Amino acid sequence: MPWNKIKRFLQTKIAQIGVFLLMLFIFVSNFLLWHLPIESLINATILALIVFVLYLLSSYFRWEKREEVLLDLKHELADLSEKLVERERHIRETEDILKVWSHQMKIPLAAIDLMAQTEINPTELKNQTFALDNYLKMLLEYQRISNISTDFRFERFSVALVMRDLLKKYSSFFIQKNLSVTLSGDWEVVTDRKWLALALEQLLNNAIKYTNEGSLTITIEENKIELSDTGIGILPEDLPRIFEHGFTGYNGRGHYKASGLGLYLAKLIFDRLDFAIGISSDVGRGTKVEVKKDER
């Protein structure tokens, strides 16, 4: 029995101990006043002490069980409180994201509606339809990745192969903007293919969105994926906040397609898959994104 526990227990029994000592004092006083045999006094006192100690021991074990139950309940309450705070945070985040997402969805819908009333531009219609599909996919995947019970399927695969599929998907945008793209190297990584591809797609989408001329260079090495563009860049004061949901930065606010959700979703996925992402940028010259396997 640790002394700290015994001390806390005795503090709960101060009243009972006080009553016992008072009764013992009265008992001894009566013996002394009536000049009763000292041997009887000693025996009676010892018997009273034994009975009281047995009572304290019995009370201690009952108290100890109650303390263990209370401790378990406190831990459960702390866990529930933490989950509640996390759930409330997630609800607030989701509400904020839905506001940004619903506003962003209006842009391609308005463009399509305008074309329906005037003249349909096949290329622009394709772009707006692609944007709608991308925003819908982004919201659905956010709901899945933010769920703590998301199941991952880990396998070994080629990162270069995944990037080639993404480049093929976005090939029309490279052609429209006359952007050159270079892909070199490879990395046989073990992770969830679908989720990594989705995170990389957000990075690629951002690079194309904010690069009006020049090129995109993708370099893949063992434990490293690097995307470098010649786009408009990011202001130094905006860099610390680029992974916040809904944050578009100064340059992003001037871009009608900016949603502030792509990098946020990518960061969520990379965190869940134990990847680290870093971004450096030079305004007017371009942005470089590095993705590495987090070895912590």
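Which residue in E5 is the bridge partner of Ile218? The partner is Leu227. The model is predicted; local features need pLDDT of at least 70, side-chain atom pairs count only at pLDDT 80 or more, and totals for chains, interfaces and linings use all residues. Residues are numbered from 1 along each chain as its sequence is written, and side-chain values use heavy atoms, with hydrogens and water left out.

The sheet is described here with its strands. Helices (H or I, at least four residues) and strands (E, at least two) are DSSP runs, numbered from the N terminus. Five strands form an open sheet of mixed pairing, in the order E2-E4-E5-E7-E6. Two strands pair if DSSP finds at least two bridges between them. Strand E2 (180-185) and strand E6 (275-282) are the edge strands, each pairing on one side only. From one strand to the next, the twist averages 10°. Strand E4 (residues 215-221) and E5 run antiparallel and are joined by six bridges.

Two helices are placed against these strands. Axes are lines fitted to C-alpha atoms, for helices over the stretch in contact, and angles run from 0 to 180 degrees between N-to-C directions. Helix H5 (residues 159-169) lies across E2, E4 and E5. The angle of H5 to E2 is about 165°. Helix H9 (residues 262-272) packs on the sheet and touches E6 and E7. The direction of H9 makes about 145° with that of E6. Contact means heavy atoms within 4.5 Å.

The largest nonpolar core has 52 residues. Such a core is a set of buried Ala, Val, Leu, Ile, Met, Phe, Trp, Tyr and Cys residues joined through side-chain atoms within 4.5 Å. Leu200, Leu203 and Phe270 have the most contacts inside it. Helix H7 (residues 193-209) gives the most to this core, with 10 residues. Leu200 touches Val159, Val162, Met163, Leu166, Ile225 and Phe270, not counting residues up to four places away in sequence. Another core, of seven residues, lies apart from the largest one. Among its residues are Phe20, Leu24, Phe52 and Trp63.

Aromatic rings were also searched. Rings of Phe, Tyr and Trp (its six-membered ring) pair if their centres lie within 6.5 Å; planes under 30 degrees apart count as stacked, over 60 as edge-to-face and the rest as tilted. The whole structure holds eight aromatic pairs. Tyr60 and Trp63 form a tilted pair, 5.8 Å centre to centre with 35° between the planes. They are three residues apart in helix H3 (residues 38-117), so about one helical turn separates them. Tyr60 is buried at 2% relative accessible area, and Trp63 is buried at 7%. Buried means under 20% relative accessible area, exposed over 50%, and partly exposed in between (1.4 Å probe, protein chains only). Ring pairs also link Phe20, Phe52 and Tyr55 into a cluster.

Seven salt bridges are found in the whole structure. The term covers a side-chain nitrogen of Lys or Arg within 4 Å of a carboxyl oxygen of Asp or Glu. In one of them, the closest N and O atoms of Lys224 and Glu290 are 3.5 Å apart. Lys224 lies in strand E5 (residues 224-229) and Glu290 in strand E7 (residues 286-293), so the pair ties together parts 66 residues apart in sequence. Lys224 is buried at 18% relative accessibility, whereas Glu290 is partly exposed at 21%. Arg285 forms a salt bridge with Asp282, with closest N and O atoms 3.7 Å apart. Arg285 is exposed at 63%, and Asp282 is partly exposed at 38%. Salt bridges that share partners join Lys224, Glu226 and Glu290 into one network.
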